[in-house]
Amino acid sequence: MKKSVFRMLALALSAMLVLGACTRGGGGGAGTDGGGTGQTETVTLKVIMEEVPDTDIVMGMLDEFHQAHPGIRMDIEALPYDQMRDKIVASFLAPRATYDLIVVDNPWMYDFASAGYLEPLDDRIRQAGDAYNYEDFAKPLRDIAEVDGKVYAIPFYNYALGLIYRTDLFEEKGLRPPATLDELMDAARQLKSGDMAGIAMTPQRGYKVFEEWGNWLFAAGGAIQDEAGNVVLDSPQAREALTKYIQTYKESAPANSLNWAFDEALRATAGGQAAMMLSYNWMLPTLNNPDGPAGELAGKFGLAEVPGGKAVLGAWFWAIPANSNNKDAAWTFVHWLTSPEQDTKRVIAGGAPVRDSVMDDPRVHEQGFGQEYYATVKEILKDASPLGDGPGAEEMIQAVGLELSAAVSGQKSVDQAIADAAKQAGEIMSK
Amino acid sequence: MRAYRAKSMLWTWVRIIFLWTAVLVVLFPYAWVVLSSFKSPADLTNPTKLLFAPVLDNWERVFAGGITNNFGLSLLVGLATVLVTLLVGTPAAYAISHYAVGGRLTRFGILLAELIPPSVLVVPLYLVSYYLRVNGMVIPVIVAHLTFVLPVVTWFLISFFDDIPRDLEQAAQIDGCTRFQAFLKVVLPQVLPGLGAAVIFGFVLSWNDMFYALILGGETAKTLPVAIAGYNTFRGVQLGDMSVAILVSVLPTLVLSFFIQRRMIRGIGGGGVKG
Amino acid sequence: MEDRSVDTAKRPFSRLFPYEWRMMTPLLAVMVIILAYPIAYSAWLSFRNVDLTRPGRDAFVGFDQYVTVLKQPLYWTTLTNTFIFVAVAVTLELVLGMALAVSLKKQKRFRNLTRAILLTPMFVTPIAVGLMFRFLLNNQLGLVPVLLKKLGISIDFFSANLALLSLALIDVWQWTPFMMLMLLAGLENLPEEPHEAAHVDGANAWQTFIRVTAPMMKTIILVAVLIRALDALKVFEYVYAITRGGPGSATETLQFFIYKIGFGYYRLSEAAAVSWTVVILVMAVLVVSLWRTTRGRSA
């Protein structure tokens, strides 16, 4: 009996080894074509993007791109955020690229770049010359894409926060868009009545609560990191910001909304159950669209800078994986899409702007969403700052988000939460 | 006597109310989903709105997006998984149950695979599928599903075989069958209802998986759960479209379960072998 | 089991590969091929320091990862949360499932319809269930709180205190049908005589249930609870869709924790270590509690 067991195992083991040997050896370009010799040979670019309206706009521009560059075919995979990130992470494990072009969220930038997953683009940008006008991209965006002196990505679209508010309700109460935290709290208090909440907040643990609270922190004069990148979260301003945030949540936010994220805040505001929300600046056109979620309330919304003028910045960038086989073709596409003329078209079609010249362009004002909107966005982008810039940014954001959520839900005191958040953030980013 | 009858009347009412409350609790979310599937974006903002002008946009969009493909893929993956599981697991369950192969070690060892979280197993599976150049196709998804369906269903089957006395085979052998013939002709028919239940059980496990299908499958191998999860976008949950997708995944299974529930129940209970 | 077929004497092959092992071969082969490598790889990973953001690094670090994991307070919170979730959910499922099974067994009208309806929650993919309930239970926008408010009740389903319970209730909605199915099957195949005997002896319904029905269902209850508990340990989609582990760390569960570390922070080795601590723990519990009950099984 024992002998047969042993033989079975021996067989199984050798089968495994043989299988392992076979699969390990075989290299060969999986998936994409080498691009090789011929000019007439078609290259197919595998691209992964997030499933958002800005992606749809890009897809709408593909025909034009194909006319200009018939040798390049685009194969775009659009997925929701988490799924997209998971696939990108998984693709880094493979020795050769699964994708030729990816979009990168700003917290990932440092980690991906310093691990060598992204291709530096400085030379290509230089070659693109004045016509490309790289300096035209809003400065905070360019700063994010620069890691250790090299540029690794090109801005695609921004998601900086702004204050979205009901213009009609503000007019009724004689209010102006708040310029300070106290004014914000006051306005929220005044606008709260019956079923209408003063402000829809997003205290969901993790990214959301930090993304929202970050604006409060900036408005109170605090900062997350200093020039050198050290974490300076443990400050009286942070404590003030958090205390006021919690107070506003208790006074003016919808009841029992501890778990709210973007969705819930949007629905509350669009459904007339909240008078304000801190949200992405490009939500304004969506809300003012009569066919959109706001229905009858369309047209009654306005956008202002967050109190204090310094907003939390988020943005997506185009990047080329270092192990891609078709870097030139990928750059051709990025160069084409993000050049001033094409970017103008993208923004007119409804994309979120990243270039100063585009935001100033009268054509965009006319055919897009109006001069006031773009002027406000330009102001927002001038002084916007991401939540984390450096190693382990994603993890730092999650850690701080956990502490903030604990404070808002009453599980920790403000002092304890800020102290813990700062300590963990410091540890994570110094690894 | 009257007290007894009154009491049993009371219990009958309790039972009926309990059952129908359960049915309501089950149906309630679906009702909401059905309503949402017909709402326009403005109406969707207000999930509690019950009277509204229904629109078919969501349905058109979702079907144009190819949800039937996703449905077909989920079906394919589920059936393939279950087929392999049955072919491979049934004789093994029989051996473990009737011949104590490997003793208790096998019984527990099989469950080991159940415990390893998908987040961890997915990485090596991804690597292997990459090297074998089947990345993004349906095959790695089926293999991944096998990793959790095979152990559980086999384990399940073992308990069915446990219920069948050894004498049946002995009797058949005395009548001149080889052991394998005895297995095929005598033992297997007894377990058939149980196999049916196991098939359905394994199928459901595969049908519901999203994680493996997401990472290992590509655009061309998008199963239904991945498609449904796709409506949870950065710019909000697209409730209308997602409701349609949910209904597409539930309605056929509702119809199916209407017809098969009887067989499932009989199967799990142990088929024809009674005391 | 000395009864070997006549052919063995003629084919020495059969002596080396006895009948029962030949029946096992397909399963063994498949499991080795698809599971051996991933399991071994994940175990191997847990003893190294692989981190995707540091691509070159891949060294043997012994039990370092395990130590790091066990030292994190969040790990223990996660473990506790998960076990509470499993305990609450599975217990409720067992009780409700049994009540439903008993009720269904006695039901005369609309049998097939009710059974079919009650089975459906199992077939909806968990992420859809999570998203459905996220909006249904949303305090401002959800149908359930609106109805509750009409009765004067205001509950925050996803507050720090209730969130884990709410998730467990969602699990109950989805998986009680499974328990109900298993238990109903067990019930319908019980012999009548002991019940009749009990009735003759004057036992009421409850006593009959406790002393006669339940003991006979021991096996199937055990199987159902075990399968359900193992599955509940891997709860992920509800957390992912609704709370992301919050508020604070109230709903941080094991799968979500592992996913966050592996795919969010790119620390694959640490994630592997966490999973293996769980595997070892649960295997230990299983072996200790079930070793004795399975002894007499195969003799």
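These legends describe close-up views of a predicted model.

Residues are numbered from 1 along each chain as its sequence is written, chains are lettered from A and ligands numbered from 1 in the order in which they are written. In this predicted model, local features need pLDDT of at least 70, side-chain atom pairs count only at pLDDT 80 or more, and totals for chains, interfaces and linings use all residues.

**View 1. Confidence along chain C.** The model scores ipTM 0.82 and pTM 0.82. pLDDT is the predictor's confidence in each residue, from 0 to 100. Its mean for chain C is 83, and 92% of the residues of chain C reach 70 or more. Within chain C, helix 5 (residues 73-106) has the highest confidence, at 93, and helix 1 (residues 7-10) the lowest, at a mean of 47. Helices (H or I, at least four residues) and strands (E, at least two) are DSSP runs, numbered from the N terminus. Over residues 1-10 of chain C, pLDDT stays under 50, and the model has 6 contacts beyond four places in sequence for them. Two residues are in contact if their C-beta atoms, placed from the backbone, lie within 7 Å.

**View 2. Leu183(C) in the largest nonpolar core.** This core has 315 residues. Met109(A), Phe317(A) and Leu183(C) have the most contacts inside it. A nonpolar core is a set of buried Ala, Val, Leu, Ile, Met, Phe, Trp, Tyr and Cys residues joined through C-beta atoms within 7 Å. Buried means that 20 or more other C-beta atoms lie within 10 Å of the residue's own, with C-beta atoms placed from the backbone. Leaving out residues up to four places away in sequence, Leu183(C) touches Gly97(C), Met98(C), Ala101(C), Met217(C), Ile220(C) and Ala224(C).

**View 3. Chain C against chain B.** Chain C gives 82 residues to this contact and chain B gives 77 residues. Helix 3 of chain C supplies the largest share of the chain C side, 16 residues. That side has 58 nonpolar, 17 polar and 7 charged residues. Ala, Val, Leu, Ile, Met, Phe, Trp, Tyr, Cys and Pro count as nonpolar, Asp, Glu, Lys and Arg as charged, and the others, Gly among them, as polar.

**View 4. An open sheet in chain A.** Its 3 strands run in the order 8-7-9, with antiparallel pairing. Strand 8 (276-280) and strand 9 (301-304) of chain A are the edge strands. Two strands pair if DSSP finds at least two bridges between them. Strand 7 (residues 161-166) of chain A pairs with strand 8 of chain A over 5 bridges. Gly162(A) has Ser279(A), in strand 8 of chain A, as its bridge partner.

Terms used
Buried ≥ 20, exposed ≤ 12 C-beta atoms within 10 Å, placed from the backbone.
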